[in-house]
Amino acid sequence: LSMTLVARDGTVQNGTTVPADGLAELQMGPDGTGYRLRYAGGDGDAPASTEITRFGVDGVAAGWPVSLDGHVGPLAFAPDGRVIVTLRSPEANTSQTLVFDRDGQRVPLGSDELPMLVSDAWNGASLGGGSAPLVASDGTTFVLGEPGGRTTAFAIDAAGQVVGGWPYHTDVGLGRKGACTGLDQGCGVWQANHAVGPDGTLYVAQAAPHDRTGGSIVAIAPDGTVRPGWPVYLTKAGAAFWSVVVGADGTAYALAIEPEGRGRSSATILGIDPDSTVLSRTTVVEP
């Protein structure tokens, strides 16, 4: 594989080829640098491993690739450009965050092992490396799991310590997006997209507590407490929040998918004030 840059005037710059054998995922960093996650093992007696390669138009960056024992999920990036990954240990039922600088050197700012497995981003046929952590503007890292089918969230400060008041627990699982029928072999659904607000509030899409109502979004303050007025619920059975993003003013914009009968669904974007007031509802897809 290689990176190609296309300038505003249409000029094309083709990069140096990087080896691309094996099962891999590609990801783009916030500075335009590419990352390749290559997985191996994890089946039978073969131990799981992940190789992370940073590359640009000039090829593989100095100090990379980095090899890890175990499968890691998608990368996250700290405000200073450091790379943050979550490494799962299924045998011990634990996870931890690891931090690497731009030169591929591990920085001693990751967490100790946390007493849960980070949740899978995808629950269909795959290796399953876990979901990406979320990073706030102050460097706080959030990791999510579902021990016993119940949502748990840890907040890790920039020094690698669990923040006071955390973890957050609730009896419902994490929200999912997508749908499968009984005829879809190997089909799965993705974990819903969660978000961090400019003030460090974590917004988590949650599954419905039972099949007679819909899912919800909860806003968790930096001290681990639920913001007053939250969660915000969907009342229609089978409805779910698939994604949430947060604007610079703290307004959360959440995508709600609601069944409308005959196998069809609507899609509505809710604008939600930090105090949980629903400011707007804009239906973008009607059945």
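Accessible areas come from the Shrake-Rupley method with a 1.4 Å probe, and on that basis the protein chain of this predicted model exposes about 14,100 Å², of which carbon and sulfur atoms supply 50%.

View 1. Taken along the principal axes, the box filled by the C-alpha atoms is roughly 50 × 45 × 45 Å. Buried residues make up 45% of the 287 residues, and among contacts with a separation of 6 or more, 39% join residues 24 or more positions apart.

**View 2. The charged side chains of the protein chain.** There are 17 positive and 30 negative side chains, and the centres of these two sets lie 6 Å apart.

**View 3. The largest nonpolar core, with 17 residues.** Those with the most contacts inside this core are Tyr203, Ile217, Trp230, Phe241, Val244, Ala254 and Ile272. At least two residues of the core are supplied by each of strand 19 (202–206), strand 20 (216–220), strand 22 (240–246), strand 23 (252–261) and strand 24 (264–272), with strand 23 giving the most, namely three residues.

**View 4. The surroundings of alanine 254.** When neighbours within four places in sequence are left aside, alanine 254 is in contact with Ile217, Phe241, Ser243, Val244, Thr268, Ile269, Leu270 and Ile272.

Methods. Residues are numbered from 1 along each chain as its sequence is written. This is a predicted model: local features need pLDDT of at least 70, side-chain atom pairs count only at pLDDT 80 or more; totals for chains, interfaces and linings use all residues. Side-chain values use heavy atoms; hydrogens and water are left out. Buried means under 20% relative accessible area, exposed over 50%, partly exposed in between (1.4 Å probe, protein chains only). Contact means heavy atoms within 4.5 Å. Lys and Arg count as positive and Asp and Glu as negative; His and the chain ends are not counted. The place of a charge is taken as NZ of Lys, CZ of Arg, CG of Asp or CD of Glu. A nonpolar core is a set of buried Ala, Val, Leu, Ile, Met, Phe, Trp, Tyr and Cys residues joined through side-chain atoms within 4.5 Å. Helices (H or I, at least four residues) and strands (E, at least two) are DSSP runs, numbered from the N terminus.
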